[in-house]
Amino acid sequence: MDNKKIIFSGVQPSGNIHLGNYLGAIKNWIKLQDEYQCLFCVVDYHAITVKQDPKELKKKIIEIAKIYLASGIDPKKSVIFQQSQISEHTELTWMLNCVSARMSDLNKMTQYKDKAGDNENVSVGLFDYPVLMASDILLYQTDLVPVGEDQKQHIELTRVLAKRFNNEYGKVFKIPEVVIKKEGARIMGLDDASKKMSKSASSEFNYIALLDDSDRAKKKIMKAVTDSEGVVKYDVKNKPEVSNLLTVYSLLSGYSVKDLEDKYKGSGYGDFKKDLAELVAQFLISFQEKYNNIKDEDVEKILEKGAKELKSVANTTLNNAKEKIGLN
Ligand code: AQP
């Protein structure tokens, strides 16, 4: 790795990767590749915090890496790798679990509360997942972590754990900063704009998957919930559904929200939705053309190369941390 600042981010190979993942995270990574040394991880250990079908999981790991490539991540500039190929991620997690993380920290994590609800029969891994995420970031002396809004609390926890460790044992970890782009930071569900668009949503009408058939995607946009006012206006508080659609439209088209409000002034939601449906369909057709041209064997080679490149970096940080706490 060269002397550029380090960027780390990742996506879990679970469920259907959707426009929220793309607009809130992956799309923003593309521009960072020239200025920073970017590390993009397929975070498969995170995916197994909930039950996965082994065959499906294998397919999803390749799928995510392909989605990175089809989105414009260039393996000549950035490192793409699979988390479980570098055992240091789980080793550091155990150390942080013991010497830095507290139950009181993890009890505050809202994502855990959202996912577990009242169910006590969830995995310990689901509860501990923010510590694994901290390890992912800290192993590579990361400077910046570009994510969607939902991950902000986890990056704050990462900073707390790193500082606590450094203060007690001496400096091992760089303290990372979170980067959240305002536009698209939280794309909401198409069927319920009070919750984020989510891979694990119970209805497929919640999200547009990047691998959705374009006609299916059009149908989902046409069925997206709106209010009954018929005014295309950005107002998150009073018109969350229409504001969400405007955000998606603006980010995919490059038009500003203001331009779109002007374009659809006085025309109700019909034309607005039809045009957005067509835009989404065209985006998916072009994305999937790139996706389908990427061979699985090439992806496997890229992941192998990425793991080889990063293993020694991760190992240096891990050994440094071990040494400090008296394990070497
Ligand atoms: N709705 C969203 N809007 C903007 N950004 C989002 N991200 C996720 N949902 C939205 C961002 O996508 C990146 C990868 O997410 P992840 O794979 O770590 O899983 P997640 O954050 O738990 O996302 P999902 O899709 O909602 O999955 P489930 O349903 O499994 O919880 C992150 O940068 C995230 O911020």
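Analyst: Axes are lines fitted to C-alpha atoms, for helices over the stretch in contact, and angles run from 0 to 180 degrees between N-to-C directions. Helices are DSSP runs (H or I, at least four residues), as are strands (E, at least two), numbered from the N terminus. This is a predicted model: local features need pLDDT of at least 70, side-chain atom pairs count only at pLDDT 80 or more, and totals for chains, interfaces and linings use all residues. Residues are numbered from 1 along each chain as its sequence is written, and side-chain values use heavy atoms, without hydrogens or water.

User: OK, at what angle do H1 and H10 pack?

Analyst: About 50°, with the axes 11 Å apart. H1 covers residues 19–30 and H10 covers residues 240–253. The pair is therefore oblique: under 35 degrees is roughly parallel, over 145 roughly antiparallel, 65 to 115 roughly perpendicular, and the rest oblique.

User: Which residues meet there, H1 to H10?

Analyst: From H1, Leu 19, Leu 23 and Lys 27. They meet Val 248, Leu 251 and Leu 252 of H10. Contact means heavy atoms within 4.5 Å.

User: Switching to the ligand. Which residues come nearest?

Analyst: His 18, Asp 150, Ser 198, Lys 199 and Ser 200, out of 23 residues around the ligand. The cut-off is a heavy atom within 4 Å.

User: And what lies 2.7 Å from a ligand nitrogen atom?

Analyst: A backbone N or O atom of Ile 187. A polar contact is a pair of N or O atoms within 3.5 Å; within protein, one must be able to donate a hydrogen and the other accept it, and residues adjacent in sequence count only if both atoms are side-chain atoms.

User: Which side chain has an N or O atom 2.9 Å from a ligand oxygen?

Analyst: Lys 115. Gln 151 also has a polar side-chain atom 3.0 Å from an oxygen atom of the ligand.

User: Back to helices. How do H3 and H13 cross?

Analyst: At roughly 90°, with their axes coming within 10 Å. H3 is residues 54–71 and H13 is residues 296–325. That makes H3 roughly perpendicular to H13.

User: Which residues make that contact?

Analyst: H3 brings Ile 61, Ile 62, Ala 65, Lys 66 and Leu 69. H13 brings Asp 296, Val 299, Glu 300, Ile 302 and Leu 303.

User: Last pair. How do H4 and H7 cross?

Analyst: H4 (residues 88–99) crosses H7 (residues 124–138) at roughly 120°, and the axes come within 8 Å. They are therefore oblique to each other.

User: What does H4 bring to meet H7?

Analyst: His 89, Leu 92, Thr 93, Leu 96 and Asn 97. Their partners in H7 include Asp 128, Val 131 and Leu 138.
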